[in-house]
Amino acid sequence: MHVALGVALTDFIAATGIPTLAHNHDLAWERPRFTVNCIPGILARCFPPVLPSLRHLVINSLAQQALAARKGVEAVLLPNIFDFETAAPAMTPANADLRATLGLGSDHLLILQPTRVISRKGIELAIELVRRLRATQPRSRLLGKEPVLVISHHAGDEGFGYLEQLRAQAARAAVPIIYAAQHFSPQAEATAGRFTLWDAYVHADFVTYPA
């Protein structure tokens, strides 16, 4: 995501030999932005680097196989999942007003899209799901709730074009969509109207993750 920082980290680790763990979520060759570039040498050396003091983690077996094939690196597989043995969070006084903060009531079906707004997350499919739910009315009204899509994470990592595309799609399909990134942060805050992603799960009726 940040070429200069990647080069600096690679050079620092190489110079100091500091023991380092690279937790690789996305690899350079998985990013369309790097498919055509003028820095192949930098990408090959630094994204990710192969150094004596560096060990690698990956989040899926495809990345594990690709690292082995491309760089001869044996990576540890650590799936990016929930700890299902830990009890789910509950409704608390701190998160009880989340729906009201988003402008939703008990008569809404809160459909949560808990991802950043980037194209590979496939959020257009979540909008289509909500469109179909609304199109099945009055059958979907058996729940007594109106489906609304809530997006909890920020846009901007890859520009704002995709967000505008989603908003246009939602408008054409008459799908209510709430871009609520300003209300969520990784850690709970003492500020009114700010919540963690866990709080969103507590209130969600359904979660979409079509990436």
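I began at V58, which stands opposite L77 in β3. The model is predicted: local features need pLDDT of at least 70, side-chain atom pairs count only at pLDDT 80 or more, and totals for chains, interfaces and linings use all residues. Residues are numbered from 1 along each chain as its sequence is written, and side-chain values use heavy atoms, with hydrogens and water left out.

Strand β2 (residues 54–58) and β3 pair in the parallel sense over 2 bridges. Strands here are DSSP runs of E, at least two residues, and helices are runs of H or I, at least four, numbered from the N terminus. Two strands count as paired if DSSP finds at least two bridges between them. I read the order of this open sheet as β1-β2-β3, with parallel pairing. β1 and β3 (76–77) are the edge strands, and each pairs on one side only. Helix α3 (residues 61–71) packs on the sheet and touches β1, β2 and β3. Contact means heavy atoms within 4.5 Å. The direction of α3 makes about 145° with that of β2; axes are lines fitted to C-alpha atoms, for helices over the stretch in contact, and angles run from 0 to 180 degrees between N-to-C directions.

**Helix α1.** Next I checked which residues of α1 are buried. They are G6, T10 and I13, where buried means under 20% relative accessible area and exposed over 50%, with partly exposed in between (1.4 Å probe, protein chains only). They lie on the same side of α1 because they cover an arc of only 70° around the axis, taken from the directions from the helix axis to the C-beta atoms. A4 and A15, on the other side of α1, are exposed. The buried residues of α1 pack against β1 (20–24) and α2 (40–46). Just after α1, G17 has a positive phi of about 70°.

I111 has F206 of β7 as its bridge partner.

**Cores.** I ended with the largest nonpolar core, which has 15 residues. A nonpolar core is a set of buried Ala, Val, Leu, Ile, Met, Phe, Trp, Tyr and Cys residues joined through side-chain atoms within 4.5 Å. V117, I123, I127, L149 and L166 have the most contacts inside it.
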